[in-house]
Amino acid sequence: MTAPRTLRSGFLQSWERFTDHVALVVDGEEKSYDALGRFASSIAATMERDCGAADAGSKLTAVFAHRSVSAFAGILAALFRGHGYVPLNSTFPPDRTRSMLERSGCGCVVVDALAAKQLPEVLAGVDRSLLLIFPEHDDVSEFAERFTDHKVVGARDLADGEGFEPLPADPDAIAYLLFTSGSTGIPKGVMVAHRNATAFIDAMVERYAISEADRFSQTFDLTFDLSVFDMFVAWERGARVCCPTQAQKMLPAKYIQENELTVWFSVPSTGVLMNRLRMLKPDNYPTLRWSLFCGEALPAEIIEAFVAAAPNSIAENLYGPTELTIACTLYRWEGERSPAACELGLVPIGEPYPDMEVLVVDEELREVAPGETGELLMTGPQLTPGYWQDAEKTAAAFMTPPEKDTLFYRTGDRVRRSDGTSPMVYLGRVDNQIKIQ
């Protein structure tokens with residue numbers, strides 16, 4: 001019997017098909033699919049051995065790691081164990097990270113060397129016992145002495161992952177839990193199911209004809225859902241993920257060229273910075289075949305400059321809130337036609353993903369006519385289950401509009417509905433929310 005398809009399925013298939021291919025590059029260190037898979041299996045087997053059913057209540061595992069092999073292996077280990085993963089970020093204030101850890105109910109935490117420095121502050125006041133796994137530390141005696149209320153495991157004590165079989169995972173279960181920035185109050189935990197993520201991945205793999213020859217950028221923090229694209233779209237087809245260090249991230253031109261990237265994905269502000277620093281010179285990035293942007297409104301001048309710098313690439317603007325799984329509409333830039341379709345100097349957000357449905361509504365949640373403006377609502381296979389342990393906020397944002405019998409997500413974004421000839425364009429927030437940096 002074939003296992004149901006989940007977020008880990010693509011990696012497992014590529015591990016079998018492309019065993020010796022490079023799956024990940026971090027700071028010059030290459031990990032093949034086999035090496036990364038074995039490392040993740042070892043961490044997963046350790047969790048099973050030492051954590052057992054202690055965290056079965058939430059079926060979630062925390063990964064307190066960033067831009068390290070341990071970070072990526074920890075994510076895979078959680079998925080191999082049949083859990084969803086909860087990324088924690090060492091650049092966040094410790095109080096916020098502690099809140100995310102406590103609210104998620106995780107019993108196991110994978111910690112890399114960078115995050116270990118902040119761990120004492122994060123664990124201060126945590127009154128339940130956790131399993132802390134330090135895959136980069138052979139000697140964890142200092143941690144064991146400091147964190148006496150918790151079980152501590154280092155690299156030398158990891159279980160043998162040989163023969164570890166991934167545990168059952170339900171496509172309707174949480175693949176990852178992401179806490180929003182909290183710009184409008186207490187951060188909300190967005191639950192993303194495996195079926196949501198695989199619907200997105202399947203659409204992307206087909207649209208971009210991904211193969212084992214591709215090399216992906218990884219410009220995002222793991223607490224940003226766009227990182228899921230970089231990892232799992234690449235691993236679905238045996239491609240490699242090239243993760244820059246923080247220093248390399250500040251020199252994106254060199255990073256693209258040295259890694260011979262074929263798929264670039266970033267927020268538009270990275271493109272703005274590259275343009276300001278004169279990194280978008282014509283023909284600068286001949287290896288790129290896709291130039292993709294998401295996460296912010298995309299200025300037309302930036303996509304034009306990027307296309308000139310990557311003349312062999314096709315550029316697209318992706319749009320989508322976390323609640324609709326990474327991205328749910330897209331627009332392909334065409335040099336001669338697209339400038340006229342821009343509004344306020346911004347690239348359109350285009351058309352919905354396969355099987356996703358768009359609804360543009362007025363203040364009474366009634367559908368507006370083609371070409372009119374209103375709030376964007378969407379539904380489809382990428383519609384997530386809602387907010388972690390927050391039925392009130394879920395009910396407010398995920399609702400059934402009048403004369404509809406399907407649940408839609410209210411994006412809070414104001415758009416002009418496509419009229420059949422002009423694409424959908426983003427016009428700002430309905431509530432005039434302002435984001436600073």
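**Exercise 1.** Which residues does T6 touch, not counting residues up to four places away in sequence?

*Solution.* The model is a predicted one.
Step 1. List the contacts: T6 touches A169, D170, P171, H194 and T198.
Step 2. Check the accessibility. The relative accessible area of T6 is 1%, and buried means under 20%, so T6 is buried.

**Exercise 2.** Name the buried residues of helix α1 and some of the elements that cover them.

*Solution.* 
Step 1. Helix α1 spans residues 9-17.
Step 2. Its buried residues are S9, G10, F11, S14 and W15.
Step 3. The cover over these buried residues includes α2 (33-50), α3 (69-80) and α9 (226-236).

**Exercise 3.** Describe the salt bridge between E316 and R332.

*Solution.* 
Step 1. Find the distance: the closest N and O atoms of E316 and R332 are 2.6 Å apart. A salt bridge requires such atoms within 4 Å, and this pair forms one.
Step 2. Classify each partner. E316 has a relative accessible area of 0% and is therefore buried. R332, at 29% relative accessibility, counts as partly exposed.

**Exercise 4.** Is E236 buried or exposed, and which network of salt bridges includes this residue?

*Solution.* 
Step 1. E236 has 8% relative accessibility and so counts as buried.
Step 2. E236 forms a salt bridge with R237, with 3.9 Å between the closest N and O atoms.
Step 3. R237 has 33% relative accessibility, so R237 counts as partly exposed.
Step 4. Widen the view: a network of salt bridges links R5, D202, E236 and R237. Over the whole structure, the search finds 24 salt bridges.

**Exercise 5.** Classify both partners of the salt bridge between D390 and K393.

*Solution.* 
Step 1. The closest N and O atoms of D390 and K393 are 3.6 Å apart.
Step 2. D390 has a relative accessible area of 22%, so D390 is partly exposed.
Step 3. K393 has 38% relative accessibility and therefore also counts as partly exposed.

**Exercise 6.** Which residues form the negative surface patch that contains E145?

*Solution.* 
Step 1. The patch is formed by D138, D139, E142 and E145.
Step 2. E145 lies in helix α7, which covers residues 141-146.
Step 3. The relative accessibility of E145 is 64%. Exposed means over 50%, so E145 counts as exposed.

Methods
Residues are numbered from 1 along each chain as its sequence is written. This is a predicted model: local features need pLDDT of at least 70, side-chain atom pairs count only at pLDDT 80 or more; totals for chains, interfaces and linings use all residues. Side-chain values use heavy atoms; hydrogens and water are left out. Patches are made of residues with over 30% relative accessible area and no salt bridge: like charges are joined within 9 Å, nonpolar side chains (Val, Leu, Ile, Met, Phe, Trp, Tyr) within 5 Å. Accessible areas come from the Shrake-Rupley method with a 1.4 Å probe; for residues, only the protein chains shown count as cover. A salt bridge is a side-chain nitrogen of Lys or Arg within 4 Å of a carboxyl oxygen of Asp or Glu. Lys and Arg count as positive and Asp and Glu as negative; His and the chain ends are not counted. The place of a charge is taken as NZ of Lys, CZ of Arg, CG of Asp or CD of Glu. Helices (H or I, at least four residues) and strands (E, at least two) are DSSP runs, numbered from the N terminus. Buried means under 20% relative accessible area, exposed over 50%, partly exposed in between (1.4 Å probe, protein chains only). Contact means heavy atoms within 4.5 Å.
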